[in-house]
Amino acid sequence: MAEIAWTLLPWQVEVWQAPQRFKVIVAGRRTGKSNLSIKKIIAAGLEAPPGSAVLYVGPTQAQTRQIAWDAIIDQGREVIKHVHVNSMDITLVNGVKIHLRSAENPDTLRGLKLYFAVIDEAAFIKDNKIWAESIRPALADLKGDAWFISSPAGRNWLYDLHKYAEDGEDEDWGAWHKTTFDNPTIDPAEIESARKTLSTFTFRAEFLASFDNAGSDVFKEEWFKTAPEPKQGSYVVAIDLAGFEEVGKNAGAS
């Protein structure tokens, strides 16, 4: 069987070699997270026993094709036997299939016997239904592994899953948090340039992989002015900007 030589970033090696079955990797843009999932899906397919399969899932069919289809074919060319473009199925030289699917229709995943699955950009999938009802049962026969890889999109189901894995109480689960700074091929000056033009919350979400991105399209933290903390007592002021109206317009209409 042909061999593939890959070079991984240090953080990718850390994740790859960790012993947990289920890995939740939350990472900033351009960290190499999707590239890691593509390499892992090919490697898992070559390790999988006959009669099993491996699975790549993206939020939509278009995203799955855009992110993974060409990349898997390109990086796995030496070990691919044939491909089926319409169904997005790839058969490796050992007969194991890589299925590429979207989260839009979980029923298409039923009946699979999975050795490994990766859910890419998991935070942009509406809920955990595809994991709970389709993928997790399909891993049971072989006690297969699964990775969840994504940049954050607020505190949704991936946030809950990451917290569960991060707590460390379940030895099957592991959590990682990586920022764009963890990719040494990205010039730090480029990241700093983005910091200057993006809102604080957008920068934190996209580059620092922060789950706390409320108001991401509107505010920069430095726009807010604060006063010294009172020496006596405590004070809280809440302002809901969405509740303000132009009073002059309303007065003229009365």
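Okay, one definition before I start: when I say two strands pair, I mean that DSSP finds at least two bridges between them. And keep in mind that this is a predicted model.

So let's begin with the hairpin of E3 and E4. There are four residues between those strands, and Met88 takes a positive phi near 55 degrees. E3 covers residues 80–84, and its pairing with E4 is antiparallel, over four bridges. If you want a spot to look at, find Val83, which stands opposite Ile90 in E4.

Now stay on E4, residues 89–92.

On we go to E5, residues 97–102. E4 pairs with E5 too, again in the antiparallel sense, this time over three bridges. Asp89 has His99 of E5 opposite it. These two strands also make a hairpin with four residues between them, and in that turn Gly95 has a positive phi of about 90 degrees.

The largest nonpolar core has 29 residues, and the ones with the most contacts inside it are Val24, Leu114, Trp131, Ile135, Phe148 and Trp173. Who supplies it? At least two residues each come from strands E1, E2, E6 and E7 and from helices H4 and H5. H5 gives the most, with five residues.

Next stop, Ser151, in the loop between E7 and H5. Buried or exposed? Ser151 is at 3% relative accessible area, so it's buried. Its side chain makes a polar contact with the side chain of Glu121, at 3.4 Å. Leaving out neighbours within four places in sequence, Ser151 is in contact with Glu121 and also with Ala27, Lys33, Ala123 and Phe124.

Last topic, salt bridges. How many are there? The count comes to eight. I'll take you through a few.

Glu14 and Lys178 meet through their side chains at 3.1 Å, N to O. Glu14 sits in helix H1, residues 10–17, and Lys178 in strand E8, residues 173–178, so this pair ties together parts that are 164 residues apart in sequence. Glu14 is partly exposed at 39% relative accessible area, while Lys178 is buried at 11%.

Then there's Arg21 with Asp145, where the closest N and O atoms are 3.9 Å apart. Arg21 is in the loop between H1 and E1 and Asp145 is in E7, so here the parts being tied together are 124 residues apart in sequence. Arg21 counts as buried at 18% relative accessibility, because the cut-off for buried is under 20%. Asp145, at 27%, counts as partly exposed.

Notes. Residues are numbered from 1 along each chain as its sequence is written. This is a predicted model: local features need pLDDT of at least 70, side-chain atom pairs count only at pLDDT 80 or more; totals for chains, interfaces and linings use all residues. Side-chain values use heavy atoms; hydrogens and water are left out. A nonpolar core is a set of buried Ala, Val, Leu, Ile, Met, Phe, Trp, Tyr and Cys residues joined through side-chain atoms within 4.5 Å. Buried means under 20% relative accessible area, exposed over 50%, partly exposed in between (1.4 Å probe, protein chains only). A polar contact is a pair of N or O atoms within 3.5 Å; within protein, one must be able to donate a hydrogen and the other to accept it, and residues adjacent in sequence count only if both atoms are side-chain atoms. Contact means heavy atoms within 4.5 Å. A salt bridge is a side-chain nitrogen of Lys or Arg within 4 Å of a carboxyl oxygen of Asp or Glu.
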